Amino acid sequence: ASLKLAQGKPAEARARVKQQADAHPDNPLLHNLMGTLWMLGNDPGQAEAEFKKAIELKNDLTEAYMNLASLYYRAQKLDQAVKEYETLLVNHPKVASAHVLIGMIQEQRQEYDKAKMHYQDALKLNAKFAPAANNLAWILSETGGNIDEALSYAQTAREQRPDDPHIGDTLGWIYYKKNAFLKATSVLKDAMDKLPDNPLVVYHYGMAQLKNGDKAAAKKALENSLRLSAAFSGADEARKALKEL
């Protein structure tokens, strides 16, 4: 199946797996694989049916729950996605990534206290789990939490994934909030170079340069952020800063 996908022949990949699934209808792994192939083929209905069949055959199959929840998340069926992650945690309470994914949905809903709890639960399972540490750092820094605690989590995430620009953006913005503008500029420049089309990251770099005294670089970055989007979360602050410049 992998070879057929690599050759750009997804229908043949599905046919190959279906042949095996017909021969071994009680094998949950084959149904999970077929669901993955249908998901890649943009047929969520078929994918959902296959993932559910896999779970029916083996109700503690981690991959099937994760795939089904991901399918619901992509379709913005958030309640159903959370339900699948929570069911998975009943059977496998040590799956840290499930806590993070629930936290991300709750963060999207602005249920920050609930999100923090899930990120903390993930870190109890793995104290160096970068996604949980990064997301917890971001929430703490953006919702009035302890900024030093946020910095510690961001540094932990950075140690695990030094090349991840999203983690760099979190760390750089926390440096900015702690008035460490030289550090902020350096880290945010790296993040912006890797995510040049992300208006929030470009805005963060512009604000750091403004505080760092480089008005030309600040103006360029802030204008670029607004060209990328007129309605991102920092857009009003970017316009205000440009007006003052």
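Val 17 is buried, with a relative accessible area of 4% (buried means under 20% relative accessible area, exposed over 50%, partly exposed in between, using a 1.4 Å probe and protein chains only). Please keep in mind that this is a predicted model, in which local features need pLDDT of at least 70 and side-chain atom pairs count only at pLDDT 80 or more, while totals for chains, interfaces and linings use all residues. Residues are numbered from 1 along each chain as its sequence is written, and side-chain values use heavy atoms, with hydrogens and water left out.

**The chain overall**

- The chain holds 15 helices and 0 strands (these are DSSP runs numbered from the N terminus, with helices being H or I of at least four residues and strands E of at least two).
- Its C-alpha trace spans about 70 × 40 × 30 Å along the principal axes.
- Of the 245 residues in the chain, 45% count as buried.
- Among contacts in the chain with a separation of 6 or more, 43% come from residues 24 or more positions apart (contact means heavy atoms within 4.5 Å).

- Val 17 sits in helix H2, residues 10–23.
- Setting aside residues up to four places away in sequence, Val 17 touches Ala 1, Leu 30, Leu 33, Met 34 and Leu 37.
- Between Val 17 and Glu 48 there are 16 Å in space, C-alpha to C-alpha, and the two are 31 residues apart in sequence.
- His 118 belongs to helix H8, residues 112–125, and is buried at a relative accessible area of 15%.
- Beyond its neighbours within four places in sequence, His 118 is in contact with His 99, Ile 102, Gly 103 and Gln 106.

**Nonpolar cores**

- In soluble globular proteins, nonpolar side chains tend to be buried together.
- Here the largest nonpolar core has 46 residues, and those with the most contacts inside it are Phe 129, Tyr 176, Tyr 203, Met 207 and Phe 232 (a nonpolar core is a set of buried Ala, Val, Leu, Ile, Met, Phe, Trp, Tyr and Cys residues joined through side-chain atoms within 4.5 Å).
- Helix H9, residues 130–142, gives the most to this core, with 8 residues.
- Another core lies apart from it, with 28 residues that include Ala 13, Ala 54, Met 66 and Tyr 85.
- Phe 232 is in contact with Pro 199, Leu 200, Tyr 203, Ser 225, Leu 226 and Ala 238, leaving aside its neighbours within four places in sequence.

**Helix pairs**

- Two packed helices are described by the angle between their axes and the distance between the axes.
- Helix H3 (residues 28–40) and helix H4 (residues 44–57) pack at about 165°, with axes 8 Å apart (axes are lines fitted to C-alpha atoms, for helices over the stretch in contact, and angles run from 0 to 180 degrees between N-to-C directions).
- That angle makes H3 roughly antiparallel to H4 (angles under 35 degrees count as roughly parallel, over 145 as roughly antiparallel, 65 to 115 as roughly perpendicular and the rest as oblique).
- H3 passes H4 in a left-handed crossing (left-handed if the near helix is turned anticlockwise from the far one by less than a right angle, right-handed if clockwise).
- The residues of the contact of H3 with H4 divide into 8 nonpolar, 5 polar and 2 charged (Ala, Val, Leu, Ile, Met, Phe, Trp, Tyr, Cys and Pro count as nonpolar, Asp, Glu, Lys and Arg as charged, and the others, Gly among them, as polar).
- The axes of helix H5 (residues 62–74) and helix H6 (residues 78–91) come within 7 Å and cross at roughly 165°, so the two are roughly antiparallel.
- The H5 and H6 crossing is left-handed, and the residues of their contact divide into 10 nonpolar, 5 polar and 1 charged.
- Helix H12 (residues 181–194) packs with helix H13 (residues 199–212) at an angle of about 150°, their axes 9 Å apart, and the pair is therefore roughly antiparallel.
- H12 and H13 also have a left-handed crossing.

**Loop residues with positive phi**

- Most residues other than glycine have a negative phi.
- Gln 76, in the loop between H5 and H6, has a positive phi of about 60° although it is not a glycine, and counts as partly exposed at 46% relative accessibility.
- Gln 110, in the loop between helix H7 (96–108) and H8, has a positive phi near 65° and is exposed, with a relative accessible area of 59%.
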